[in-house]
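Please keep the sequence and the 3D view open side by side.

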Amino acid sequence: IAQGPGEKRDLDERVRTFLEKRQGAWRDLNIPASDGKILYDLIIKNSYKKALEIGTSTGYSTIFIAWALSKTGGKVITIEIDRERYRQALANFKEAGLSEYIDARLADAHDLVKELPGPFDFVFCDADKEWYKNYFVDIYPKLEEGGCYTAHNVSTRSRGMEGTREFHDFIKSLPSMKTTVDESGGGISISYKR
């Protein structure tokens, strides 16, 4: 989806205004703004175009991902199981002006992640923590070389949340994945496929 410089500026302004207006109003298991910035920067830096988000909630993280993808020419598939949160997310995407960069699906990620054909070059996982490892195992063959798999609520400092610890230990043990954790916000593991 090509945009002229004027359209890009207008979209940036619209997204910034939307985010500023809603600052401090995000509930429902959304990430902190600093983590949204990390996701945005990863996509821009690596020019990712084929993104997947597991766990939309009301769409705060999706907005950062889609905003970055609006600059790289990409699109994100995002999955949410809760109908109310999904409806709120759709309204947020529309208000932020990013709907065309988002394929939002109301579904059970346990099933849909297995069915999605891929390939993906960027993944953000922020859903049911005890299923983190399963999501990764299902996505791994569809993740392109040089692609990035990120997961929220991962910590190296504490024992971490149940499920995220098992996932983190597993992904760190894989020679094909180079993993770091950014703990400046809610804790994001960042893993590149070699």
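Strand β1 is mostly covered, with four of its five residues buried. This is a predicted model, and the values given here are computed from it. β1 runs parallel to β2, and five bridges join the two strands. Within that pairing, E53 stands opposite T78 in β2.

On to the next strand. β2, residues 75-80, also pairs with β3 in the parallel sense, again over five bridges. Here E80 stands opposite L106 in β3. Helix α4, residues 83-96, lies across these two strands, β2 and β3, and runs at about 165 degrees to β3.

The whole sheet can now be laid out. It is open and has seven strands, in the order β3-β2-β1-β4-β5-β7-β6, with mixed pairing. The edges are β3 (102-106) and β6 (177-182), each of which pairs on one side only. From one strand to the next, the twist averages 15 degrees.

Which residues of helix α2 are buried? They are D35, G36, I38, L39, Y40, L42 and I43. A helix with 3.6 residues a turn has residues three or four places apart pointing the same way. The buried residues of α2 pack against helix α3 (60-72) and against the strands β4, β5, β6 and β7 (188-193). The length of α2 can be checked as well: its 14 residues, 33-46, should span 20 Å at 1.5 Å a residue, and the end C-alpha atoms are 20 Å apart, so the two values agree. After α2 comes S47, whose phi is positive, near 50 degrees.

Another helix on the sheet is α6, residues 132-139. It touches β1 (50-54), β4 (120-125), β5 (143-152) and β6, and its direction makes about 165 degrees with that of β5.

α6 also has a helix partner. Two packed helices are described by the angle between their axes and the distance between the axes. For α6 and α7 (residues 164-172), the angle is about 40 degrees and the axes are 8 Å apart. On the α6 side the contact is made by Y132, K133, F136 and V137, and these meet T164, E166, F167, F170 and I171 in α7. By type, the residues of this contact divide into six nonpolar, one polar and two charged.

F170 is one of the α7 residues in this contact. Leaving aside neighbours within four places in sequence, F170 is in contact with K133, F136 and V137. Is F170 buried, partly exposed or exposed? Its relative accessibility is 24%, so F170 counts as partly exposed. F170 and L143 are 27 residues apart in sequence, and their C-alpha atoms are 16 Å apart in space.

Charged pairs come next. The structure holds nine salt bridges, and three of them are followed here: K71 with D12, R105 with D103, and K114 with D138. In the pair of K71 and D12, the N to O distance is 2.4 Å. K71 belongs to helix α3 and D12 to helix α1 (residues 5-21), so the bridge links distant parts of the chain, 59 residues apart. D12 has a relative accessible area of 14% and is therefore buried, whereas K71, at 29%, counts as partly exposed.

The side chains of R105 and D103 meet at 2.8 Å, N to O. R105 counts as partly exposed at 28% relative accessibility, and D103 also counts as partly exposed, at 25%.

G97 lies in the loop between α4 and β3. Why does G97 count as buried? Its relative accessibility is 17%, and buried means under 20%. Not counting residues up to four places away in sequence, G97 touches L11 and R14. The C-alpha atoms of G97 and Y140 are separated by 31 Å, and the two residues are 43 residues apart along the chain.

Notes:
Residues are numbered from 1 along each chain as its sequence is written. This is a predicted model: local features need pLDDT of at least 70, side-chain atom pairs count only at pLDDT 80 or more; totals for chains, interfaces and linings use all residues. Side-chain values use heavy atoms; hydrogens and water are left out. Two strands pair if DSSP finds at least two bridges between them. Axes are lines fitted to C-alpha atoms, for helices over the stretch in contact, and angles run from 0 to 180 degrees between N-to-C directions. Contact means heavy atoms within 4.5 Å. Ala, Val, Leu, Ile, Met, Phe, Trp, Tyr, Cys and Pro count as nonpolar, Asp, Glu, Lys and Arg as charged, and the others, Gly among them, as polar. The expected span of a helix is 1.5 Å times one less than its number of residues. Buried means under 20% relative accessible area, exposed over 50%, partly exposed in between (1.4 Å probe, protein chains only). A salt bridge is a side-chain nitrogen of Lys or Arg within 4 Å of a carboxyl oxygen of Asp or Glu.
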